[in-house]
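Trainee: I would like to learn how to read a structure feature by feature. Where do we begin?

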Amino acid sequence: MILGDGFIYRRPNDLFLSTIVDSYFYIDTNLGRLTFHPEYVVPFPQITFGYFFNHPFLVTHLNTNNAVTVNIVVSRISTQKIIIQPTTKRIRIIGAHLKPFGLAYFTRQPVNRLPWLIDAEELFGNVAEKFAKRINDCQKAEQMFSEVEKVFLDNILIRDLSLITEVTGLIEKNVGNIKISELSRQLGVLERTIRNHFYNHIGCSPKEYLRIVKLKQVVYELKHSQKSLTHIAHDNDYFDQAHFIHEIKGITGRSPNQLRKEIPTFRFLQF
């Protein structure tokens, strides 16, 4: 599907892969076509894989003031404050958005022990290098999507991630408004087991994940609705306006009103 601004996306063809990967995307545009400001990456319950061709991005971790230039990377689920911006006048990216547990199908390392921004060549070695060479030989986005799907299918691990899949499914269904004790009760497992699965397969605690799932809904409403902040707070079960503002600012560093103003129409890694 073509969305404009040089952006194309497609769902996976493989049925099993579609339970792990939300979509593939391809961007090819000139910076001058966009009203551009450095993009603030809102903490989000999703993993992103991206290959930037010869047009790397600068990624800055605001909590640590650590800046990294990236070319082929996998992002862990973001619970921190991050800004990204291109380093050239052309923006060209092929990538994929994966389910929050998606990375655990491609490495047996505990996800919480991986760096905040994962160099795909360091994690996957020759697999990533060969993938980059094949992608550079492609002429059309559809060919690139096929290469991404092929590398995923060729390297996927056989793992039982049924529990974390169920847990995240329940959290999404309840839009983050569910207690860990209730998840434990419904699934018949200890809270400690749930916590361990989150650290190993997603890379954050269940509490952090609940907060960013709730934030995801708030950001969607801030961007796509004309509702007042009071209505959005009420719709998402915040105690009052003060609690709503304190919680959103605590996660993002911005008030809900600031966030509403700063979410651009075009986003490079979150759509």
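Mentor: Begin with contact, which means heavy atoms within 4.5 Å. This is a predicted model: local features need pLDDT of at least 70, side-chain atom pairs count only at pLDDT 80 or more, and totals for chains, interfaces and linings use all residues. Residues are numbered from 1 along each chain as its sequence is written, and side-chain values use heavy atoms, with hydrogens and water left out.

Trainee: Which residues is glutamate 221 in contact with, leaving aside neighbours within four places in sequence?

Mentor: They are Lys227, Ile232, Asp235, Asn236 and Arg260. Glutamate 221 sits in helix 7. Helices (H or I, at least four residues) and strands (E, at least two) are DSSP runs, numbered from the N terminus.

Trainee: Is glutamate 221 buried or exposed?

Mentor: Buried means under 20% relative accessible area, exposed over 50%, partly exposed in between (1.4 Å probe, protein chains only). Glutamate 221 has 9%, so it is buried.

Trainee: And isoleucine 47: buried or exposed?

Mentor: Isoleucine 47 is buried, at a relative accessible area of 2%. It belongs to strand 5 (residues 47–51). Beyond its neighbours within four places in sequence, its contacts include Val74, Ile77, Leu98 and Leu103.

Trainee: How do I read helix 9?

Mentor: Check its length. The expected span of a helix is 1.5 Å times one less than its number of residues. Helix 9 (residues 241–252) has 12 residues and should span 16 Å; its end C-alpha atoms are 16 Å apart, so the two agree.

Trainee: Which residues of helix 9 are buried?

Mentor: Phe244, Glu247, Ile248, Ile251 and Thr252.

Trainee: What do the buried residues of helix 9 pack against?

Mentor: Strand 4 (39–41), helix 7 (206–224), helix 8 (229–235) and helix 10 (256–262).

Trainee: Which elements each supply at least two residues of the lining of the largest cavity?

Mentor: The elements are strand 8 (72–75), helix 1 (120–124), helix 2 (126–137) and helix 3 (141–155).
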